[in-house]
Amino acid sequence: LLSAAPAVTVNAGALLDMSDTEQEVGALAGAGTVALGDFGELTFGALGTDTTFSGTVSDDGSASDDTAIEKVGGATLTLSNASTDADVFLITEGAVVADTADVLAGTEYIEIDGAGALTLNADQTVGDLSIEEDGVVDLGSHTLTVGGTGSYGSFIEGTMAGSGGSLHVTDDVEMVFGLVAGIGFGTYTGSTTLTGHAYLGPFNG
């Protein structure tokens, strides 16, 4: 049981096997492998320590997988040459920096809540994406491709920031920006390429 543990560093070549269990660690770092099995869930970040992870988070790859990782705490996790293959990645608090291309491509669904942020330092492809109100994605000058897996659906009502960045939609995405009935939603000023379907909410204000 790792619950309430301090920071955990999984060194290159090492394996943290938490298959089919729910665990919480104060921070996650290293270059090794975290195995989630079919139903594992890992929560990390409560210590508020900035870390870098360049390893692999993997599940068993079966159709019945139901795995999740959750970033909490106000610090920043940098993913560099990493691979995250969990079904669900929740960015509840703090920031996740995708430092190299497609480090999130193996994740089916990413949800960014109101206290969470995702920063792109390279182009990224994700499955389904939900940006809740007050959640932030900073594209920088990079391209975010929302590919869609059909399992969760995508909904964007938060803020997409950055200078020169772009959004590429290849599946169904519902996007709500601007002011709706006096309620302030997020903003987006980049370019969008559609090869799927984008359902746009009202742009009032």
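**View 1. Strands E8 and E11 pair in the parallel sense.** Two bridges join strand E8 (residues 56-58) to E11; strands here are DSSP runs of at least two residues, marked E and numbered from the N terminus, and two strands pair if DSSP finds at least two bridges between them. Val-57 has Thr-84 in E11 as its bridge partner. The model is predicted: local features need pLDDT of at least 70, side-chain atom pairs count only at pLDDT 80 or more, and totals for chains, interfaces and linings use all residues. Residues are numbered from 1 along each chain as its sequence is written, and side-chain values use heavy atoms, with hydrogens and water left out.

**View 2. An open sheet contains E8 and E11.** The sheet has four strands in the order E2-E5-E8-E11, with parallel pairing. Strand E2 (15-17) and strand E11 (83-84) are its edge strands, and each pairs on one side only. In a regular strand the side chains alternate between the two faces of the sheet.

**View 3. Strand E17 is joined to E14 and to E20.** Strand E14 (residues 124-126) runs parallel to E17, and three bridges join them. Gln-124 has Leu-144 in E17 as its bridge partner. Four bridges join E17 to strand E20 (residues 166-169), again in parallel. Leu-144 also stands opposite Leu-167 in E20.

**View 4. Tyr-109 and Tyr-152 form an aromatic pair.** A search of the whole structure finds one such pair. The pair is stacked, at 4.9 Å centre to centre and 15° between the planes. Rings of Phe, Tyr and Trp (its six-membered ring) pair if their centres lie within 6.5 Å; planes under 30 degrees apart count as stacked, over 60 as edge-to-face and the rest as tilted. The two residues are 43 residues apart and link distant parts of the chain: Tyr-109 lies in strand E13 (residues 109-120), and Tyr-152 in the loop between strand E17 (143-146) and strand E18 (154-156). Tyr-109 is buried, with a relative accessible area of 11%, whereas Tyr-152 is partly exposed at 37%. Buried means under 20% relative accessible area, exposed over 50%, and partly exposed in between (1.4 Å probe, protein chains only).

**View 5. The side chain of Ser-154 lies by the backbone of Leu-129.** Ser-154 belongs to strand E18. Ser-154 counts as buried because its relative accessibility is 8%. A polar atom of the Ser-154 side chain is 2.9 Å from the backbone nitrogen of Leu-129.

Terms used: A polar contact is a pair of N or O atoms within 3.5 Å; within protein, one must be able to donate a hydrogen and the other to accept it, and residues adjacent in sequence count only if both atoms are side-chain atoms.
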